[in-house]
Amino acid sequence: MSKIESIYHKSPVVVQNIMSSIKGFQIRQVRYSKHTWKTLDFLKKSQFWEVDQFEDYQLEKLKKLVNHAINHVPFYKERYTALKLNSSTIKNLFDINLLPIISKEDFRQHNNSLVSTHIHRKKMWVSYTSGTTGTPLSAYRTHNQLQETMAFMERLYGWYNPKLWRSRASFTGKLIVDPNNSKGPFHRVNHASNQYLFSSHHLVKSNIDKYINELSLVKPEQIDGIASSIYAIADHIIRHDRFGAIQPKVVIPTSETIWPHIRERIEKAFQCKVANQYGSQEGAPLAYECPHGGFHISPESGIFEILHPDSSPCRPGESGRLVVTSFLSEGTPLIRYDIGDVASWKTGVCICGRNMPMLETIEGRIDDMFFTIERGVISRVDSAFKNLPNAIKATQVAQVGLNQFQVRIVPDRNTYREEYADTLVENLHYYLGNSAVIDVKLVSEIQRTSGGKLRAMVNECKTVQNDILTTWNSAN
Ligand SMILES: [Zn+2]
């Protein structure tokens with residue numbers, strides 16, 4: 001813990017709010033500038049471009065990024081020179097295929113030489129992501145590109161509410177409230193951005209009424225952040241009939257896969273739309289959902305490829321690994337980066353009138369997928385949870401061995417009946433195969449990750465994880 005953090009945790013709430021606002025002001029200074037608003041103006045126009053306008057723009061940006069990487073990033077300089085690649089290699093967008101795919105392992109091993117030397121590191125923003133091995137990896141972002149990223153986010157926010165500096169309740173995984181505090185308040189205020197930061201570490205049953213009271217006083221126009229935290233509040237609202245206490249215009253979850261039953265309950269509780277979004281700490285390009293339900297990629301932010309294990313492109317509806325090239329990643333360039341997620345394309349046009357291509361799904365992290373001898377790699381089991389009775393409050397399915405699974409259920413002790421678990425296990429066999437051994441464990445709480453996330457599917461068997469990664473990466 002840093003000195004400032006330890007002062008923060010010893011201070012009264014009013015001082016913590018001042019400290020949160022000072023920090024918020026510093027962040028706002030970096031992320032919001034004239035460049036942010038200028039970019040937003042551009043994005044408001046480009047969102048209605050024709051397909052060929054997007055493609056021309058992407059080609060120009062791709063050439064520029066490759067050029068930048070060769071000139072300023074030791075890792076790319078070495079790898080591309082060895083393969084005799086340069087920016088003139090790229091004549092059209094299909095030529096992206098000529099560039100090598102960068103794996104997570106490359107990213108980990110060459111984390112340092114992937115940083116651009118065109119700006120001093122101290123003048124960039126650094127984000128840390130935890131790699132699968134638990135080693136923190138860093139990704140550098142230039143301030144200019146952070147501002148551009150904010151402009152992309154502002155475009156999304158604006159689709160639901162054109163007002164700037166709308167009040168936001170953001171569920172964060174950071175320890176903004178002392179973990180031993182059980183009385184609340186469970187949020188702190190960042191006055192600089194009209195943002196109320198809610199803790200994801202205090203969401204036990206006895207606190208949720210207090211959370212709802214705090215939220216109803218704050219009256220957020222937008223709720224965003226960790227999906228499982230927002231879900232915990234939504235579920236409580238429905239169970240205890242507290243509808244109407246909080247009326248945001250939109251809920252924008254981050255970081256977790258939004259399964260249909262989770263979306264359904266959040267939308268019911270808050271009586272507004274859930275807008276799914278995709279991005280990453282590494283600075284990946286962005287995708288987000290319009291008010292008509294189209295999950296559009298933002299082609300101005302980068303190139304999304306969805307590939308089979310042999311690196312050929314997937315057709316719409318086929319799931320494959322997501323490989324991203326980001327125009328927002330000058331600091332640590334991501335060029336054909338295999339980010340470890342699985343996705344699929346959707347065909348058709350969206351009634352919103354935008355030609356920005358659409359994703360059908362982002363199905364979560366490969367590391368948390370399952371594998372059984374009978375069924376191979378299993379990326380989702382969500383339909384097994386459809387029509388779950390109210391007596392089951394939360395679940396997590398874990399792969400604990402080669403053919404072994406554990407379903408963790410948080411039951412409502414008053415109404416729970418054993419046959420509910422039987423139905424769930426029966427449903428899961430449909431996905432995992434009949435030979436899978438599935439145990440049920442009733443728990444009082446499902447453990448969150450250190451970042452405050454709650455994962456619905458988790459693979460706790462290292463050997464199986466490695467097998468899945470080998471299957472997915474076999475072409476590399
Ligand atoms: Zn749309």
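A nonpolar core is here a set of buried Ala, Val, Leu, Ile, Met, Phe, Trp, Tyr and Cys residues joined through side-chain atoms within 4.5 Å, where buried means under 20% relative accessible area with a 1.4 Å probe and protein chains only. The model is predicted, and local features need pLDDT of at least 70, side-chain atom pairs count only at pLDDT 80 or more, and totals for chains, interfaces and linings use all residues. Residues are numbered from 1 along each chain as its sequence is written, and side-chain values use heavy atoms, with hydrogens and water left out.

**Exercise 1.** Describe the largest nonpolar core and where its residues come from.

*Solution.* First, this core has 53 residues, of which I233, I266, F270, V381, L428 and L432 touch the most other members. Next, the elements giving two or more residues include α9 (227-239), α10 (260-270) and α11 (418-432), and α9 contributes the largest share, eight residues. Finally, domain 1 (3-31 + 162-248) and domain 3 (369-472) each supply at least three residues to this core, the domain bounds coming from an automatic or database assignment.

**Exercise 2.** Determine how helices α4 and α5 pack and which residues make the contact.

*Solution.* First, α4 (residues 51-72) and α5 (residues 74-82) pack at an angle of about 100°, with axes 6 Å apart. Therefore α4 is roughly perpendicular to α5, a term for angles of 65 to 115 degrees. Next, V66, A69, I70 and H72 of α4 meet P74, Y76, K77 and Y80 of α5, contact meaning heavy atoms within 4.5 Å. Finally, the residues in this contact are six nonpolar, one polar and one charged.

Key: Buried < 20%, exposed > 50% of the residue type's maximum accessible area, 1.4 Å probe, protein only. Helix = DSSP H or I, 4+ residues; strand = E, 2+ residues; numbered from the N terminus. Axes fitted to C-alpha atoms, helices over the stretch in contact; angles between N-to-C directions. Parallel < 35°, antiparallel > 145°, perpendicular 65-115°, else oblique. Nonpolar A, V, L, I, M, F, W, Y, C, P; charged D, E, K, R; others polar.
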